[in-house]
Amino acid sequence: MKIAIMGYGTIGSGVAEVLEVNKDLITERAGEPVEVKYILDLREFPGDPNEDKIVHDYKIIVEDNEVGVVVEAMGGVEPAYTFVKEMLLAGKQVATSNKNLVAEKGAELIAIAREKNINFMFGASVGGGIPIIRPLNKCLTADEIEEITGILNGTTNYMLTRMANEGISFDDVLKDAQAKGYAEADPTADVEGFDPCRKIAILTSLVCGKQVDYTDVYTEGITKISTEDFEYARKMERSIKLLASSKSENGSYSCMVAPFMLDKTHPLCNVNDVFNGVFVHGNMLGDAMFYGSGAGKLPTASAVVADVVDMVKHSHVNIFIEWEPEKVQLIDYRESVNKFFVRTTSPKADVEAVFGQVEYVEDVVAEEIGFVTDAMLESEFADKSEKIVVINRIRLG
Ligand code: HSE
């Protein structure tokens, strides 16, 4: 099988490396050798072992009948979408790690692959190296999935872990995550939560078989989390994690991305560093946890190559993925119920006048107090919190 790789950055070069390092076992598992014929990139790579495979025009790949599988590791929606669509229409199977592309165009590309009796696979688009897409599509098919809650961004989990344990500043730890190849080209997508927002939209689309628009998912990142918040978390014996969650409620789904303070007993409390963890609850299965390397060159490339192997084994067989273009109307996040940890400079009398009896967390930061509310609607909390001075608030999990 001859393949092409589009994009020779962190993930694309990782795919070439995985195919080279594990050449023999991949040949055995795919049933035939898998050989890179072309690498599409705008840049030249003098001295690179794959230098002679670099091409700059994607049409060379489209028009080469010898290429049966294409890996898309360019990132972004365009021109990845145009290239991938043309590859599929030309009868070439495509594996991608690109969550932006999958979140926005997944339903359409899956439909084209089905029409052509080939495959469009995206196992690396969520969870880095953790198999979570394939289990949802192929294994947990006897259940109604009632909840998926995950740490789905390796960069921010790495940052939060180091900020909590070592008190390193936000900017320094972000630079480190970028140097390690975890962060997006524009790390705003990580720290503002846009990346896990797309990932939870993809997982929810697979769970319900319809289109969940990531733009409908309420999203907060970690940019407002400060050293003081970690001091409170330490005192409360909790960890601060950026969670992406999706819960089925009354025939629809409630989705949210936001930082949460997790209790020690929460299954995601000890998912640290660049690891991702995905908690799944099915109505028959009960609970299941998926855990592993959530970002980085080789873990992500490993998931892409696993899809390539699957596609080589199913060259002319479409593996059915239920994800239709019909849009799901998500439940307004203001109708969901949460408990909140709040930091304030308002006097206790004012706090109690608004929130009633609360549980205080004191003597952590001078001239302020922390408190924990009862569970309440997001809309109710928003109204009440306007009546006192709020320095920061974090949901409790
Ligand atoms: N920037 C992403 C992350 C890469 O940190 O999780 C993997 O999708």
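**Loop at Asn117**

I began with asparagine 117, which sits in the loop between α5 (99-115) and β6 (120-121). Helices (H or I, at least four residues) and strands (E, at least two) are DSSP runs, numbered from the N terminus. I looked up phi for asparagine 117 and found it near 60°, a positive value in a residue other than glycine. My cut-offs: buried is under 20% relative accessible area, exposed is over 50%, and partly exposed is in between (1.4 Å probe, protein chains only).

This is a predicted model: local features need pLDDT of at least 70, side-chain atom pairs count only at pLDDT 80 or more, and totals for chains, interfaces and linings use all residues. Residues are numbered from 1 along each chain as its sequence is written, and side-chain values use heavy atoms, with hydrogens and water left out.

**Other backbone notes**

I checked glutamate 367 next. Its phi is positive, about 65°, although glutamate 367 is not a glycine. Glutamate 367 belongs to the loop between β14 (359-361) and β15 (369-372). With a relative accessible area of 77%, glutamate 367 is exposed.

I also looked at the peptide bond from glutamate 78 to proline 79. That bond is cis, with omega near 10°. Proline 79 is in the loop between β4 (67-72) and α4 (80-89).

**Around β10**

I moved to asparagine 250, in the loop between β9 (238-249) and β10. Asparagine 250 counts as exposed, at 82% relative accessibility.

Serine 254 is in strand β10. Its relative accessible area is 9%, so serine 254 is buried. I listed its contacts (heavy atoms within 4.5 Å). Leaving aside neighbours within four places in sequence, serine 254 is in contact with Ser245, Ser246, Lys247, Glu249, Ile331 and Ser336.

Aspartate 263 is also found in strand β10. I read 26% relative accessibility there, so aspartate 263 counts as partly exposed. Not counting residues up to four places away in sequence, aspartate 263 touches Arg238, Cys269 and Gly397. Its C-alpha atom is separated by 6.9 Å from that of serine 239, 24 residues apart along the chain.

**Helix α14**

I asked which residues of α14 (residues 378-385) are buried: they are Glu378, Phe381 and Ser385. Seen down the axis of α14, these buried residues fall within an arc of 60°, so they line one face of the helix. The arc is that of the directions from the helix axis to the C-beta atoms. I then looked up their packing partners: β10 (252-263), β13 (337-344), α13 (348-355), β16 (376-377) and β17 (390-396).

**Whole chain**

I counted 14 helices and 17 strands in the protein chain. The radius of gyration is 23 Å, close to the 21 Å that the globule rule gives for 397 residues, so the chain is as compact as a globular protein of that length. Here the radius is taken over C-alpha atoms, and the rule is 2.2 Å times the number of residues to the power 0.38. The C-alpha trace spans about 75 × 45 × 30 Å along its principal axes. Of the 397 residues, 55% count as buried. Among contacts between residues at least 6 apart in sequence, 73% join residues at least 24 apart.
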